[in-house]
Amino acid sequence: MKEFPADFLWGGAIAANQSEGAYNADGKGLSIQDVMPKGFSGPITEEPTPDNMKLVGIDFYHRYKEDIKLLAEMGFKAFRISIAWSRIFPNGDETEPNELGLQFYDRVFDECKKNGIEPIVTISHYETPLYLSKMYDGWLNRKLIDFFIRYVETIFTRYKDKVKYWLTFNEINSILYEPFCSGGIYTDKDKLTKQDLYQAIHHELVASAMAVKLGHEIMPNAKIGCMILAVPIYPLSSKPDDVIATMQKQREIVFFADVHARGEYPAYMRRFFKEHNIEIKMEPEDREILTHTVDFISLSYYMSLCETADSAQKSNSKGNILGGIANPFLEANEWGWQIDPQGLRYMLNELYDRYKLPLFIVENGVGARDVLVEDENGQKTVLDDYRIDYLRDHLLQVGEALEDGVEVMGYTAWGCIDLVSASTAELRKRYGFIYVDRHDDGSGTLERYKKKSFYWYKRVIESNGKSLSEGM
Ligand code: BG6
């Protein structure tokens, strides 16, 4: 395995809505997450309800100092967070930002700096202001571009000396599967046509490119990337029909990165749009705006899936938003997500071959139930060898990709401190190196405890990845 680059950005990732809590503090408006108590699949409520775990989250809003200190103790070089849009513009369509919201992120970034940690900031992570969703139907409406750009200009101007790395939309391709969560589209998913979805996607792609352009103007040294939910798709068999079906399915995902990296719609979309009677309404300036391409591509990676042309075999395997066909050669976690470390090497190679742009793995990890126990010194901990195994196996494959010649900027493990899950809104699905004492019935002290993986990851960072191959 090749050595990790000296400036590799080791760290972890969280999102505002899954960790901050304080859902109505200091002038914050409601976000779509405040009415999604059961995650993607559950019903939306009219008002925030007490069973919604995200209203309190892990109380990062009040405990960020303690948390960042723990991350620094692990040696974090980078910490990916998101800004809650509705803290800055409570409804989303105001002309003046909420100063108290801006001050909160000033404090968080200052704390990162104090601890030698580089913030990596997602501008929109599944937390569209609820008002924009209800009143405008989210990204289905072109007006969202203006509201988004006002928000982006505000945060770029405010944090230009504190934040260098920015990501525009979290898992931008997920809008195809979860249009409310990902695109704030209030209209029922079943009523949306492909035409609607691709029009909303066009608005996001234009907004993302405008953010890149604006970011480069305001912060010449900034690095601005897109973020895709990366799932390598394997043909279920070697039948040519399966291979073609696989190519189409993979294009459903890489289309988003293609536009961000190449600055135009790829040729294959012409046929797709024609066959599905889709006509994207574009403004004259859109094509030029799209040419403002990203500096790097960031991705989440949890699993791979299979595809077949044979509808009889199209059994659906559970997955992270994007369902598909299970691979008979892989095992899954308790939530049905199949574990495939080599898929990460494969995906990194595919993306790098395609774009020759640096890649940043900004999410990876395994959700598991943890049991709090006492160690020999009477300290509470979790013996999470399963998490260590998962992360080690994936990081070793990142090493292989580096050896293959892929440029990887960094790795931020998902949910480095336990948080509320996005798909199911549970806390028992834990990802962290740090255990948070909070449970799905709302009980718990919110105390933090270091898991076994905390010390393991600390060593990985300290040794710049060398400890990964120890004992092999
Ligand atoms: C990604 C999201 O889809 O996967 C995160 O960007 C999410 O917000 C993560 O938490 C893991 O998914 P889940 O459903 O286990 O929380």
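Begin by selecting K189 and E178, whose side chains meet in a salt bridge with N and O 3.6 Å apart, a salt bridge being a side-chain nitrogen of Lys or Arg within 4 Å of a carboxyl oxygen of Asp or Glu. K189 lies in the loop between α7 (179-183) and α8, and E178 in the loop between β4 and α7, so the pair ties together parts that are 11 residues apart in sequence. The helices (H or I, at least four residues) and strands (E, at least two) are DSSP runs, numbered from the N terminus.

Before going on, note that this is a predicted model, in which local features need pLDDT of at least 70 and side-chain atom pairs count only at pLDDT 80 or more, while totals for chains, interfaces and linings use all residues. Residues are numbered from 1 along each chain as its sequence is written, and side-chain values use heavy atoms, with hydrogens and water left out.

Next select D106 and K162, which form another salt bridge, with their closest N and O atoms 2.9 Å apart. D106 lies in helix α4 and K162 in the loop between α6 (143-159) and β4 (165-169), so this pair ties together parts that are 56 residues apart in sequence.

Then move to helix α14 (residues 452-462), where E462 and K458 lie four residues apart, about one turn of the helix, and form a salt bridge whose closest N and O atoms are 3.4 Å apart. E462 is exposed, with a relative accessible area of 56%, while K458 is partly exposed at 25%.

Now select E94, in the loop between α3 (85-88) and α4 (99-114).

For a last stop, select N364, in the loop between β9 (359-363) and β10 (372-374). N364 is buried, with a relative accessible area of 0%, and its side chain makes a polar contact with the side chain of Y411 at 2.6 Å. A polar contact is a pair of N or O atoms within 3.5 Å; within protein, one must be able to donate a hydrogen and the other to accept it, and residues adjacent in sequence count only if both atoms are side-chain atoms.

Technical notes:
Buried means under 20% relative accessible area, exposed over 50%, partly exposed in between (1.4 Å probe, protein chains only).
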